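Subject: Structure handover

Hello,

The structure we discussed is below, sequence included. My notes on it follow.

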Amino acid sequence: MRKWLAGSAVASIALLIVSSALLARTAEPQAAASGSGADLTGVWRRSRRPPNDGHRYTYYELAATLTSQVPPMTPWGEAKYKAAKPNIGPRGVPLSQSNDPLTKCFPPGVPRLYLVRVGQPLEIMIVPGRVIMFFEYDHFVRQIFTDGRQHPQDLTPSWMGDSIGRWEGDTLVVDTVGFNDKTWLDGDGHPHSDELHLVERIRRISHDTMTIDFTIEDPKAYTKPWEAHTVFDLEPGWNIGEVVCVDDNANFLETKKKLESPK
């Protein structure tokens with residue numbers, strides 16, 4: 001009897017996986033046809049193409065930061081920013097002096113998860129009532145609920161927060177609250193508190209291009225809301241690979257040690 005039950009459980013799980021895959025392939029085109037959404041499905045990576053705004057961007061700005069400008073920080077936020085010691089970029093310090101949470105394999109949080117390791121890819125899958133983001137880095141999964149629910153009143157602060165989405169035409173608007181204060185917003189060390197309120201407007205502007213406009217509101221860290229804009233390229237020939245932070249970090253840190261060691 002026990003063997004039969006085990007086999008039945010395995011079969012049920014397999015059926016659920018197959019069903020989810022079929023839903024991911026079929027649900028969104030139907031939603032797009034009815035005007036309730038757009039097809040965001042696919043594997044995406046943050047673009048290295050500079051925006052046409054007159055600013056000469058460095059590779060670091062394009063890949064690992066949210067903004068090339070200084071956001072309007074409160075004294076608390078400015079103190080946190082000055083205390084942050086990234087190990088790459090213009091404020092980068094030797095690895096032994098860095099306090100970047102990623103060097104200890106802590107979760108990157110949102111929005112930094114889009115930028116980690118200069119922008120590892122993510123896959124977007126859409127099923128009824130949810131948009132699922134599957135990230136290559138440490139296989140993080142982010143669920144954005146689009147079934148009309150509200151944020152719970154008794155949220156426990158978390159790394160990824162609680163994300164609720166709604167469709168405005170072809171734009172997915174994602175509202176996220178309930179963060180802890182243990183992550184940076186990006187690789188430059190822009191801080192946030194547990195009062196962070198993040199709004200993302202995600203839109204596929206062409207077959208090969210997706211944009212995300214961020215509005216960051218955190219009255220403890222910033223004197224007013226500020227915005228950032230990111231562009232993502234479709235990578236149709238890519239599959240999400242296996243990147244385990246512990247292994248990836250060991251290789252990354254070893255490489256940096258070699259680069260930083262005296263010749």
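Backbone points in the loops

Cys105 sits in the loop between H3 and H4, where helices (H or I, at least four residues) and strands (E, at least two) are DSSP runs, numbered from the N terminus. Before the rest, the conventions: this is a predicted model, in which local features need pLDDT of at least 70, side-chain atom pairs count only at pLDDT 80 or more, and totals for chains, interfaces and linings use all residues. Residues are numbered from 1 along each chain as its sequence is written, and side-chain values use heavy atoms, with hydrogens and water left out.

Cys105 has a phi near 65 degrees, a positive value in a residue other than glycine. Its relative accessible area is 23%, so Cys105 is partly exposed; buried means under 20%, exposed over 50%, and partly exposed in between (1.4 Å probe, protein chains only). Asp138 also has a positive phi, near 55 degrees, and is not a glycine either. Asp138 belongs to the loop between S3 and strand S4 (141-145) and is partly exposed, at 29% relative accessible area.

The peptide bond between Val110 and Pro111 is cis, with omega about 15 degrees. Pro111 is in the loop between helix H3 (75-83) and helix H4 (116-119).

Overall make-up

The protein has five helices and nine strands. Read from the N terminus, the order of elements is α-β-α-α-α-β-β-β-β-β-β-β-β-α. Of its 263 residues, 44% count as buried. The accessible surface is about 14,200 Å², and carbon and sulfur atoms account for 56% of that; areas come from the Shrake-Rupley method with a 1.4 Å probe, and for residues only the protein chains shown count as cover. Taking contacts (heavy atoms within 4.5 Å) between residues at least 6 apart in sequence, 55% join residues at least 24 apart.

The core

A nonpolar core here is a set of buried Ala, Val, Leu, Ile, Met, Phe, Trp, Tyr and Cys residues joined through side-chain atoms within 4.5 Å. The largest one has 40 residues, and Tyr114, Ile124 and Ile202 have the most contacts inside it. Strands that each supply at least two residues of this core include S2 (122-127), S3 (130-135) and S7 (197-206).

What does Ile202 touch, leaving aside neighbours within four places in sequence? Its contacts include Leu40, Tyr114, Met133, Leu172, Val174, Met210 and Ile212, and also Asp170, Thr171 and Thr211.

Regards
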